[in-house]
Amino acid sequence: MPVVKYPRAVDPLWHEWDEKAQKCGLRHTIYAVNGDQYTGEWLDNLKHGKGTQIWKRTGAIYSGDWKFGKRDGYGSYSIPDPVTKEYKKVYTGWWKNDKKCGYGTLFYPSGECYEGEWSSGLRSGWGRMCYRDGSVYEGQWLAGQPGGQGMLCLSNDNRYEGGWKDGKKHGPGRFFYLDKGQLLEGIWVADIPKCGIMIDFGRDEAPAPTQYPIPKIELADPDAVLAEAQAMFDDSQN
């Protein structure tokens, strides 16, 4: 029986261009089945290099670095305003493995803003948070909350400097009541001052000082009392 030879199928043009893109990092646009759109560089059929992704359902846009199909490197993420349809930046900074990681700035819908370090998508390391009520926290973060050493400045200029744990004042610290001209130095546990020393501080310049100054401490050794309280606090944490 004679052997019939069929002509070899010719690869479609898109396949040829896809192979070239994988080898050379060419930029081209791909549409997903759900309508999402990506324009940028590719490697081994994965988003890799510089590129822009548009999510059809939300209208969100990410423009920046990609690595093997995930956001990795420096990039910006924006969403459209529901009323004006103009794009507003949500996050600008560094990414790793599709999560915020490194230094970056996040703008919250409430108008609040965080600028600082991230790890695995959470605020972690050093950072500065500006809250809606006008207060500002600057210091260390852990797992998305103030943790470590930090300073909270309230809108009336009063401030706390000291330790934090799980987003609350915890450990040795100082609270400056600048509106009254007083200073509390002591130990906090879960946002509550457990012991400390209150003294006058800048009372003459305070806008609303107390009627009478604080009398002098009559303890023979106030530092020893505070040190004993510190030791008790340390023991309770172990």
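Reply: In this predicted model, the side chain of Ser-76 makes a polar contact with the side chain of Thr-92, at 3.3 Å, where a polar contact is a pair of N or O atoms within 3.5 Å, one of which, within protein, must be able to donate a hydrogen and the other to accept it, and residues adjacent in sequence count only if both atoms are side-chain atoms. Because the model is predicted, local features need pLDDT of at least 70 and side-chain atom pairs count only at pLDDT 80 or more, while totals for chains, interfaces and linings use all residues. Residues are numbered from 1 along each chain as its sequence is written, and side-chain values use heavy atoms, with hydrogens and water left out.

Ser-76 is buried, with a relative accessible area of 16%; buried means under 20%, exposed over 50% and partly exposed in between, with a 1.4 Å probe and protein chains only. Leaving aside neighbours within four places in sequence, Ser-76 is in contact (heavy atoms within 4.5 Å) with residues including Ile-61, Tyr-62 and Tyr-91.

Ser-76 belongs to strand S5, residues 70–80, a strand being a DSSP run of E with at least two residues, numbered from the N terminus. S5 runs antiparallel to S4 and is joined to it by six bridges, and two strands pair if DSSP finds at least two bridges between them. Across this pairing, Tyr-62 has Tyr-77 in S5 as its bridge partner, and in the hairpin of S4 and S5, with two residues between the strands, Phe-68 takes a positive phi near 50°.

Key
Helix = DSSP H or I, 4+ residues; strand = E, 2+ residues; numbered from the N terminus.
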